[in-house]
Amino acid sequence: MLSEFGRSGVTKVAHPFAAFLVRIGVTANGITLTGLILTCAAAVVLFGNGHLVAGAIVIALCTLLDLVDGAVARAGDGGSPYGALVDAVSDRVADGVILASLLWWLVDAHPDDKYALGMLLACLVLSQVVSYSKARADAGGLRTPGGLMERADRLVLILLGAGLEGLGVPWALAVALTVVAVGSLVTVIQRVWGGRADYLGRPDRLGSPSAGDL
């Protein structure tokens, strides 16, 4: 949702800076990989050692690079399939490291909090499925909705929950993880159902619906 409504505004703000970076030879892939390294390092060092407030702030700042790399790509060569691949893979790795670092801390600091651990594992799995469902639909030429919980939404909620947890707000992380897990599940269903509707609505579709279609 945040990605859908905020992308145009961010592009307008970032374009002049992105054009400057292109002129001095900075590449979108270089920004993407730098952001990945910084995000993973911050997650492992800060979240992994229980510095939740500092981790949330630093990771939030690192994710700004994810906004800049797209603007640089558009200001340069307009973007490429390879650049899109690098960006997508980097996002999946960063998401996994952030959640895994929180899991590492939670297992060490609150091993009896089974609910939060369960929600964190659900987020770890479902966040990857959300992204894969879109990628697989695109590969098959199916149109799917963005859905309720895209990457930006998940990151904002997880970082907010972690930061508030670090400030001593009870159940902040567990609540954030629950919202992300449920929202991610809804998004997967939205994308699969949307892809099904697009497929069944095509006049050039061959044959009748199979068991898999239904």
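Trp 171 is exposed, because its relative accessible area is 52% (exposed means over 50%, buried under 20%, partly exposed in between, with a 1.4 Å probe and protein chains only). This is a predicted model in which local features need pLDDT of at least 70 and side-chain atom pairs count only at pLDDT 80 or more, while totals for chains, interfaces and linings use all residues. Residues are numbered from 1 along each chain as its sequence is written, and side-chain values use heavy atoms, with hydrogens and water left out.

Trp 171 sits in the loop between α6 and α7. Helices are DSSP runs of H or I with at least four residues, numbered from the N terminus. Most residues other than glycine have a negative phi. Trp 171 is not a glycine, yet its phi is positive, about 65°. Gly 168, which follows α6, also has a positive phi, near 95°.

Helix α6 covers residues 151-166, and its 16 residues should span 22 Å at 1.5 Å a residue; the end C-alpha atoms are 22 Å apart, which agrees. The expected span is 1.5 Å times one less than the number of residues. Buried residues of α6 include Arg 151, Asp 153, Arg 154 and Leu 155.

Helix α5 has 26 residues and reaches 37 Å from its first C-alpha to its last, close to the expected 38 Å. Its buried residues include Leu 117, Met 119, Cys 123 and Val 130, and the cover over the buried residues of α5 includes α4, α6 and α7. Just after α5, Gly 141 takes a positive phi of about 75°.

Ser 131 belongs to α5, residues 114-139. Ser 131 counts as buried because its relative accessibility is 15%. Leaving aside residues up to four places away in sequence, Ser 131 touches Arg 92, Arg 154 and Arg 191, where contact means heavy atoms within 4.5 Å. A polar atom of the Ser 131 side chain lies 3.3 Å from the backbone oxygen of Ser 127.

Two packed helices are described by the angle and the distance between their axes. The axes of α2 (residues 28-45) and α4 (residues 81-109) come within 9 Å and cross at roughly 5°. α2 is therefore roughly parallel to α4 (angles under 35 degrees count as roughly parallel). The axes are lines fitted to C-alpha atoms over the stretch in contact, and angles run from 0 to 180 degrees between N-to-C directions. Residues of α2 in this contact include Leu 33, Leu 36 and Cys 40, and those of α4 include Val 86, Val 93 and Val 97.

Technical notes. Helix = DSSP H or I, 4+ residues; strand = E, 2+ residues; numbered from the N terminus. Parallel < 35°, antiparallel > 145°, perpendicular 65-115°, else oblique. Polar contact = N/O pair within 3.5 Å; in protein donor to acceptor, adjacent residues only side chain to side chain.
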